[in-house]
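Please look through the sequence and the structure shown below, and keep both in view while reading this briefing.

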Amino acid sequence: MSSDATVRDTVRPTMGSRAAAIWGAANRYAVVLLLLIGIFLFFSLTQPDFFSRANIENLLTGSSILFVVSIGMTFVVLTGGIDLSVGSLLALSGIILSELFNDVGLPAPLAVVGTCLAAAFLGGAVNGVLIGRLGLSFFVVTLGTLSIYRGVVNIWSNTETTYISSSFIDGIAFSKFLGIAYPIWIMIATYVVALVVLRWTYFGRDVYAVGGNITAARLSGINVARTLIMVYAIVGLCAGIGGVIQAARLGAASPLVGESTPLDAAAAVLLGGTSFLGGVGGVTGTAVGVLFIGTLQNGLSISGVSSFWQQVVTGVILILAISIDLLQQQGSGGPLRRLRGFGHGPTSSSEPTVEEGARSD
Amino acid sequence: MTEDPFLQAEALHKRYGGVHALRGARIAVHPGEVHALVGENGSGKSTLLNILSGQIRPDSGTVSLAGRPVEFRNPTDALRGGIATVTQETTLAPELSITENVFLGRRMLRRGPLIDWPATRRRALAAVRRLGLDVDPSLPVRRLRPDQQQMVEIARALSIDARVLVLDEPTSSLTDDEVASLFGLVRNLRDEGVAIIFVSHRLKEVFDLADRITVLRDGRTVGEAPVGELDRPTLIHLMVGRALEEMEPPPVQERGGASALRLRGLTLPGSVYGIDLDVAPGEIVGLAGLVGAGRSELLETVFGLHRPSGGTVEVEGSRVSFKSPRGAIRGGVAFVPADRKLQGLVHEMSARENLVMASTSSLARVRRPAARRELRVVRESFEGMRIRAGSPRVPVATLSGGNQQKVVLAKWLATGPRVLMLDEPTRGVDVGAKAEIYQLLFDAAESGVGVLVSSSENPELLTLCDRILVMFRGRIAAELSRDEATEARIAYFAGGHR
């Protein structure tokens with residue numbers, strides 16, 4: 001090969017590769033996206049009550065807690081971990097909110113902010129430090145804090161629900177801005193901030209690098225411990241926000257909430273195409289995963305089917321989506337597939353960073 | 001060797017998406033010969049071997065065993081056909097015993113429904129003794145030396161009565177002595193009538209060991225001949241498709257001023273002891289020694305990965321004590337680690353993201369990456385280093401080994417280092433890319449960087465270095481100037497002689 005041709009080939013990203021990058025990232029959750037559209041159309045056509053403004057708003061606000069927590073969970077899964085303690089932390093956040101508002105007597109906005117910060121601090125300072133700084137196993141650490149926080153919730157609350165009567169906190173669940181309920185705005189804001197952080201900051205790159213190859217990341221000068229601490233702080237913050245929304249929806253702090261949250265969030269993240277080995281995936285897929293679970297749950301209950309079927313269907317789809325992914329790779333991905341191990345697409349990893357290349361040429 | 005080939009592959013084609021990995025490759029292997037398969041990275045060697053070992057299926061073409069066409073649907077089919085493969089990466093289970101590893105993937109001997117351990121152990125012992133390895137078969141494999149582990153792998157391959165043994169880069173982690181004993185073993189097997197397919201980037205080994213050579217280039221078989229009919233230049237010409245001049249290092253640059261790197265009495269208990277070392281700006285200093293002599297540990301300690309128990313490190317005259325790689329990078333030190341796959345690259349990320357990873361590691365993390373500047377750095381590196389990739393945006397895992405290594409090197413050069421340390425800079429890299437990497441190191445030295453290269457390939461050090469330090473058991477055993485250094489001398493001191 002002549003070197004001229006080589007240089008030209010290498011430095012001019014072609015439109016083909018750009019399209020491939022976009023498709024590559026979308027391909028990871030394409031199956032679930034198609035299924036989401038499918039069940040959405042199905043419920044719209046078969047259930048007259050489904051496609052109504054009230055129900056769609058209900059669907060979205062009902063998904064908002066899982067959505068916010070799953071976005072946070074995406075960061076952790078991208079580093080190759082998982083946080084089992086988010087449900088307990090979510091419940092604990094409700095208790096902290098009640099404590100700050102009812103007992104300490106902070107004004108409601110301060111109590112809300114304080115709750116979120118406390119949850120972020122707990123996530124980063126406990127899970128984050130133990131996993132990132134001391135290098136303990138994420139599974140064992142977060143299994144431990146799952147148990148610890150749940151125990152603290154039960155001791156602190158005496159297993160009783162405490163009411164929180166504040167119009168500000170009620171408003172978080174039930175007020176509207178521009179005709180749209182606040183939980184939906186919170187979802188959108190969480191998604192946008194997470195997307196920007198992952199795609200357009202060095203921190204976002206660090207998250208992918210640590211998940212992709214922690215040794216290479218460390219040798220390249222990336223502060224791995226700080227990255228992991230931040231990631232667990234972020235999922236803590238998201239659990240705190242989820243806890244506040246939960247308390248606002250109930251008008252109370254209940255010690256019983258969040259039991260199934262960690263596994264639901266993990267399912268949403270994995271449905272969204274993020275690899276549980278880390279380094280591959282993104283929050284857009286997670287958003288699709290959460291909306292799929294939420295739509296299924298809502299549609300089934302409108303149809304009069306037990307919403308527990310949602311759990312069965314989610315599990316089946318999760319396994320199917322991964323199988324389809326694997327079959328696709330065996331068709332095309334050859335050498336890459338073996339490099340990456342199982343469960344990965346033959347595709348570009350991160351959210352595609354396309355626009356920069358196009359602009360600079 | 002008048003008989004028919006035992007294993008024959010003809011007109012093999014294989015495509016991966018847009019990449020045409022094999023386009024009409026062929027190979028014919030006779031019983032009782034060592035058949036070398038050579039070619040640059042990306043020439044299709046791995047693909048061909050994967051077809052022969054049943055890991056992938058060709059799009060078209062035939063494979064026949066003893067004249068009968070066969071179709072391997074999976075590795076088990078190939079094993080049943082008598083083709084056993086020992087790959088580059090060890091596939092042993094380190095915590096399991098030798099016995100269990102020899103029988104890995106196969107049924108052990110049984111008495112009724114239970115495993116007959118004594119009989120199984122005797123069988124495993126016989127298998128490793130045949131290879132001249134006399135150790136307790138109940139030892140866990142991790143307690144063995146690298147070459148002994150390799151023997152266990154070969155024993156496993158042979159215990160299925162293999163007629164063809166594929167050795168893919170078997171020497172890449174062995175010392176010279178270990179290579180010699182491996183070669184003795186391979187010759188014995190050949191004399192017993194086993195056909196051996198031998199893959200190595202080290203042409204010297206190919207000429208030492210092989211009876212016949214098949215050369216692949218761009219997925220085609222471009223030559224096949226008995227080893228006596230080929231010489232080194234001809235072989236290289238076949239592999240790269242053009243003549244390659246032998247590298248001649250530029251004359252030593254004398255520069256005044258402080259050392260780029262100065263170590264005094266550096267000690268890391270268990271690994272390195274009392275190392276004194278100076279690298280002048282513009283100088284290339286080599287570290288020779290056996291695997292385990294402490295070369296890697298020395299570089300890692302300077303880079304802040306281990307805390308030394310004593311001694312000092314100075315970079316350009318100022319005392320430093322790096323507590324992490326981040327500190328070392330800020331202090332002007334770069335380190336190209338030995339294992340590209342495990343330490344060098346994040347495989348799912350793009351070539352571009354990998355390339356700027358180290359040079360951007362001390363910027364504020366909430367910052368938005370400067371796309372324009374990054375792309376400029378990437379473009380300059382790609383052009384300057386002749387990195388061949390579809391686009392800087394493709395996952396770095398899709399590049400060939402030589403190009404991946406160039407990305408690692410580019411990543412570190414982009415940090416603007418004063419001291420560049422490299423551990424095994426051309427491991428698993430083909431001759432063409434090797435020459436290019438050498439040139440890049442000469443260029444780096446030319447620009448005033450102090451270069452410290454650790455390598456277990458002594459010819460590499462002789463090509464590159466102004467001075468060579470030979471390590472033995474954690475200490476510097478000898479310092480050889482370029483005029484004094486020969487392979488024999490290095491090997492002499494590396495073996496602990498005085």
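A crossing of two helices is called left-handed if the near helix is turned anticlockwise from the far one by less than a right angle, and right-handed if it is turned clockwise. The model is predicted, so local features need pLDDT of at least 70 and side-chain atom pairs count only at pLDDT 80 or more, while totals for chains, interfaces and linings use all residues. Residues are numbered from 1 along each chain as its sequence is written, and chains are lettered from A and ligands numbered from 1 in the order in which they are written.

**Confidence of the prediction**

- The predictor gives the complex an ipTM of 0.73 and a pTM of 0.75.
- Chain A has a mean pLDDT of 82, with 83% of its residues at 70 or more; pLDDT is the predictor's confidence in each residue, from 0 to 100.
- For chain B the mean pLDDT is 84, and 94% of its residues reach 70 or more.

**Helix 5 and helix 7 of chain A**

- Helix 5 (residues 86–103) of chain A packs with helix 7 (residues 138–157) of chain A at an angle of about 25°, their axes being 8 Å apart; axes are lines fitted to C-alpha atoms, for helices over the stretch in contact, and angles run from 0 to 180 degrees between N-to-C directions.
- This angle makes helix 5 of chain A roughly parallel to helix 7 of chain A, since angles under 35 degrees count as roughly parallel, over 145 as roughly antiparallel, 65 to 115 as roughly perpendicular and the rest as oblique.
- Helix 5 of chain A passes helix 7 of chain A in a left-handed crossing.
- Residues in this contact include A:Leu92 and A:Ile95 of helix 5 of chain A, and A:Val153 and A:Trp156 of helix 7 of chain A.
- The contact of helix 5 of chain A with helix 7 of chain A has 9 nonpolar, 2 polar and 1 charged residues, where Ala, Val, Leu, Ile, Met, Phe, Trp, Tyr, Cys and Pro count as nonpolar, Asp, Glu, Lys and Arg as charged, and the others, Gly among them, as polar.

**Helix 9 of chain A and its partners**

- Helix 4 (residues 53–78) of chain A and helix 9 (residues 182–200) of chain A pack at about 25°, with their axes 9 Å apart, which means that helix 4 of chain A is roughly parallel to helix 9 of chain A.
- The crossing of helix 4 of chain A and helix 9 of chain A is left-handed, and their contact has 10 nonpolar, 3 polar and no charged residues.
- Helix 9 of chain A also packs with helix 10 (residues 202–212) of chain A, at an angle of about 75° and with axes 5 Å apart, so helix 9 of chain A is roughly perpendicular to helix 10 of chain A.

**Domains of chain B**

- Chain B is divided into domain 1 (7–240) and domain 2 (261–494), with bounds that come from an automatic or database domain assignment.
- The C-alpha centres of domain 1 and domain 2 of chain B lie 32 Å apart.

Notes
Helices (H or I, at least four residues) and strands (E, at least two) are DSSP runs, numbered from the N terminus. Two residues are in contact if their C-beta atoms, placed from the backbone, lie within 7 Å.
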